[in-house]
Amino acid sequence: MSYEFLQQYWWFLVSLLGALLVFLLFVQGANSLVGSLGGDAEGRRLVINSTGRKWELTFTTLVTFGGAFFASFPLFYSTSFGGAYWLWMLILFTFVLQAVSYEFQNKLGNLLGVKTFQTFLVINGILGPLLLGGAVATFFEGSNFIVAKDNLTGIQPVISQWANASHGLDALLNPWVLVFGFAVFSLARTLGILYVMNNVADENIRSRASVRLVGTTIVFLLLFVAYLVHLLLKDGYAYDPATGVISIEPYKYLHNFLEMWYLLALLLIGVVLVLYGIIRTIVSKTYIGGIWPTGIGTVLTVLALLLCAGWNNTAYYPSTADLQSSLTIANSCSSEFTLCTMAYVSLLIPFVLAYIIIAWRKIDRKKLGREEIATDEAY
Amino acid sequence: MSNILLTIDTSTIEWSRAQFALTAIYHWLFVPLTLGLAVIMGIMETCYYRTKDTFWKDAAKFWQKLFGINFAMGVATGIILEFEFGTNWSNYSWLVGDIFGAPLAIEGIVAFFMESTFVAVMFFGWKKVSAGFHLASTWLTGLGATISAWWILVANAWMQYPVGCEFNPDTMRNEMVSFAEVALSPFAIDKFCHTVISAWIIGAVFTVAVSCWYLLKGREKKLALESIKIGAIVGLVASVGAALTGHHSAFRVAEVQPMKLAAMEALYNGGTDQSLTAIALVNPFAQPDYENEAEAPLKIAVPYALSILATNDPHGYVPGINDILNGYTKPDGTVELSADEKIERGKKAIEALAAYRQAKYGSSDGDASVVAYHLEVLKENMPYFGYGYIRDKSELVPFVPVNFYAFRIMVGVGCLLILFFMVVLFFVYKKDITAAPKWLYWSALAMIPLAYIASESGWLVAEFGRQPWTIQDMLPTWASVSNLHSSSVMLTFFIFLILFTTMLAVEINILVKQIKKGPEHENN
């Protein structure tokens with residue numbers, strides 16, 4: 001395995017984790033709609049228990065996404081997390097609120113009341129996907145940072161700096177970052193609706209979900225198409241693999257899709273699957289399996305976008321403050337030894353996916369109903 | 001591009017340290033109970049699987065419920081810890097991410113997914129999966145948590161004893177050269193054994209104490225009796241194990257972090273035949289005058305015990321703070337440089353690195369012999385690289401009172417716990433624990449805060465003792481931190497403080513209510 005191959009391989013793995021994370025944001029999407037999907041208190045509890053059987057997978061994928069980035073592209077970890085401090089802190093706060101809310105919301109003696117914890121779930125359901133989407137949008141839109149490794153020998157040894165005082169919140173002033181963020185949020189809602197329709201055996205909830213699916217999908221498609229067009233037409237950040245010099249290239253992302261036809265195919269298949277799952281669910285009165293084609297389509301679409309951001313000599317974390325500080329998979333990755341060692345560890349991933357699928361199928365074999373909530377273990 | 005940036009505000013370093021310490025201390029309130037209860041409930045469910053007696057199922061479900069309430073907080077604080085390496089210690093993350101990131105990624109892939117997948121089966125799968133699958137899920141949840149502990153402790157041990165890496169002047173970072181040395185470092189093995197075993201003690205104390213509360217109230221006698229049996233056996237084995245692994249840990253500390261050991265002992269001037277201080281009057285609020293005092297006042301010590309602890313030899317040599325600062329000769333004849341000499345060589349290493357970079361990448365279009373010369377100087381002085389960032393040798397001395405008292409609290413409570421579990425088991429097997437005197441039940445309840453204080457004290461020793469280093473001898477805290485304004489970190493510190501404290505209060509209240517409610521009996 002050459003160093004270049006390992007860099008590409010690890011970008012693929014990180015992108016895959018990111019794509020799976022976006023799919024698993026159905027937990028947040030459904031939680032953001034808990035009031036309108038659930039209707040009454042019992043219905044809300046049903047929705048929360050439905051996502052409550054999966055929330056730890058989303059959470060774990062987020063943590064592993066961070067860990068994998070740390071191990072494979074430590075300069076990104078250092079630059080983005082240390083620089084865009086407030087953006088990441090806001091994301092973390094909302095996930096902390098979520099982590100305790102499931103367990104605490106319905107327990108005797110929870111001090112803050114069930115509504116408070118359900119509100120925490122809604123806050124995470126809205127801000128989690130929105131801010132994560134915004135953070136991912138900076139892979140295309142750029143961020144305001146400077147990397148100067150020689151600082152290590154100077155009077156101030158910190159090598160990565162944010163070039164303004166906002167520490168990441170400036171990203172939210174970029175309208176295209178917001179468009180992408182809201183697109184991810186709408187997608188999470190769409191996935192959440194499809195998941196609840198599939199997972200909860202309750203006609204009232206399913207019919208409410210069905211109604212909301214149309215509106216949510218329209219918003220998602222408008223935002224997604226707008227961003228995709230913008231992405232294909234915008235300038236991108238390319239680097240010369242021989243010298244490492246970074247430059248602006250018009251239509252870089254369009255070129256990437258054309259030069260990497262397999263990514264274009266992945267993107268198209270992904271989009272078709274997303275639409276298939278949604279449209280069939282809207283059209284058919286009995287079809288409740290839309291989460292699967294739409295979920296797989298989401299993974300493929302996001303994977304294609306993230307690979308487009310980092311492959312084909314593209315700077316995946318561009319700097320708008322100093323072009324040459326932009327991060328590429330070549331200048332920000334771990335050493336060949338570490339990437340190679342971790343590549344062996346990554347062979348465990350199919351095994352991990354296999355037992356997740358087995359456990360998921362066993363738990364979801366019977367759809368969740370009001371009776372189970374009343375008589376069995378439940379949040 | 002270099003040196004265009006602001007200098008770092010010292011309060012940013014202090015607030016970043018405070019925030020990390022706050023998160024770690026809170027995290028360690030929840031994790032040991034998770035690890036400990038995982039063993040207890042695993043044993044109980046195994047009893048159910050073997051006997052099919054629904055009593056064991058009720059018992060296992062009861063402890064699992066308490067486990068679940070606690071588990072969520074461990075998860076919530078854990079995510080913050082992982083990301084704080086990037087948000088608050090970004091320079092550290094780049095300089096050693098090549099080594100340090102790997103255990104964190106493996107922890108996610110191998111441990112977290114196992115934990116999060118099977119914990120859902122454990123809670124919600126009683127009627128959905130077979131008894132065997134459920135039992136396996138319960139043990140796999142605990143195994144996942146334990147594997148997670150392994151990898152994060154590998155990472156922590158590496159910071160205390162950095163092995164298996166080399167500095168690469170071209171990439172300006174440390175790079176891993178041996179995964180086996182990192183993953184199987186003796187420091188990591190000792191740390192894992194000591195930490196996880198001490199977590200089992202917390203689980204055991206909690207189980208015994210809750211059971212004793214039931215006996216105090218005259219309720220749930222069978223559950224209490226069986227839980228006390230399991231809890232006390234696990235607790236006694238773990239307490240003795242913690243003492244043994246603690247000795248190993250101290251031995252390693254003496255080898256690779258002698259300053260930490262000197263601070264733990266308030267040992268200002270070392271030598272051979274060193275006694276272990278049982279107690280002494282060290283001002284808890286100020287750094288002692290170690291340069292001028294011969295030893296801490298009112299010292300009562302156990303002869304030769306420190307030499308045995310540090311070297312396995314009653315006559316072994318143990319350096320004190322002044323020896324380490326002024327330099328000393330080890331028994332094998334090797335000379336340990338003084339702090340001033342190390343600082344000097346550290347500065348040489350940093351200057352050589354700058355010169356190397358300038359010669360190789362600067363405008364002068366470097367002469368190969370000049371590049372090679374600077375590289376040679378850098379390699380010669382690299383073991384002292386971190387000392388180049390030290391401004392004064394007094395910075396190399398950790399805050400002695402915290403180390404001194406925290407170590408004594410940990411060891412003292414540890415000994416008390418061995419005695420406690422022995423007394424409990426005496427009552428279980430030689431008397432009748434369900435009719436034991438009330439002082440025993442009350443003392444069991446008192447053991448909960450004491451065990452937690454001991455457990456946190458262990459971490460205080462580990463982390464305060466290595467100051468000023470983020471990575472021993474390689475990187476001090478002020479060269480590791482992110483360049484943030486202190487007000488930002490201060491604000492997040494207080495947000496976390498309020499958030500975690502509120503959630504802790506909620507958790508304790510829920511636990512109390514759940515314990516008062518007691519187990520649900522399937523037959524009823």
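Which residues of α8(B) are buried? They are B:P258, B:M259, B:K260, B:L261, B:A262, B:A263, B:M264 and B:E265. A residue is called buried if 20 or more other C-beta atoms lie within 10 Å of its own, exposed if 12 or fewer, and partly exposed in between, with C-beta atoms placed from the backbone. Helices (H or I, at least four residues) and strands (E, at least two) are DSSP runs, numbered from the N terminus.

Before going on, a word about the model. This is a predicted model, in which local features need pLDDT of at least 70 and side-chain atom pairs count only at pLDDT 80 or more, while totals for chains, interfaces and linings use all residues. Residues are numbered from 1 along each chain as its sequence is written, and chains are lettered from A and ligands numbered from 1 in the order in which they are written.

The model scores ipTM 0.93 and pTM 0.93. For chain B, the mean pLDDT (the predictor's confidence in each residue, from 0 to 100) is 94, and 97% of the residues reach 70 or more. Over residues 1-6 of chain B, however, pLDDT stays under 50.

Back to helix α8 of chain B, residues 258-265: eight of its eight residues are buried, so the helix is largely enclosed by the rest of the structure. Its buried residues pack against several elements of chain B, including α7 (221-256), α13 (400-430) and α14 (438-464). Just after α8(B), B:A266 takes a positive phi of about 50 degrees.

Now for the two chains together. Two residues are in contact if their C-beta atoms, placed from the backbone, lie within 7 Å. On that basis, 73 residues of chain B are in contact with 70 residues of chain A. On the side of chain B that touches chain A, α3(B) gives the most, with 25 residues. That side divides into 45 nonpolar, 20 polar and eight charged residues. Here Ala, Val, Leu, Ile, Met, Phe, Trp, Tyr, Cys and Pro count as nonpolar, Asp, Glu, Lys and Arg as charged, and the others, Gly among them, as polar.

A nonpolar core is a set of buried Ala, Val, Leu, Ile, Met, Phe, Trp, Tyr and Cys residues joined through C-beta atoms within 7 Å. The largest one has 307 residues, and those with the most contacts inside it are A:A183, A:V196, B:W63 and B:W200. Helix α3 (residues 90-124) of chain B supplies the largest share of this core, 23 residues.

| Residue | In contact with |
|---|---|
| A:A183 | A:G133, A:F220, A:L223, A:F224 and A:Y227 |
| A:Y227 | A:W176, A:V179, A:F180 and A:A183 |
| A:L169 | A:W86 and A:L87 |

A:Y227 is found in helix α10 of chain A and is buried, with 22 other C-beta atoms within 10 Å. A:L169 sits in the loop between β2 (160-162) and α9 (175-199) of chain A; with 15 C-beta neighbours inside 10 Å, A:L169 counts as partly exposed.

Helix α10 (residues 203-233) of chain A also meets helix α12 (residues 261-283) of chain A: their axes come within 10 Å and cross at roughly 150 degrees. Such axes are lines fitted to C-alpha atoms, for helices over the stretch in contact, and angles run from 0 to 180 degrees between N-to-C directions. The contact is made by A:L213, A:V214 and A:T217 of α10(A) and A:I278, A:T281 and A:I282 of α12(A).

Note on methods:
Lists of a residue's contacts leave out its neighbours within four places in sequence.
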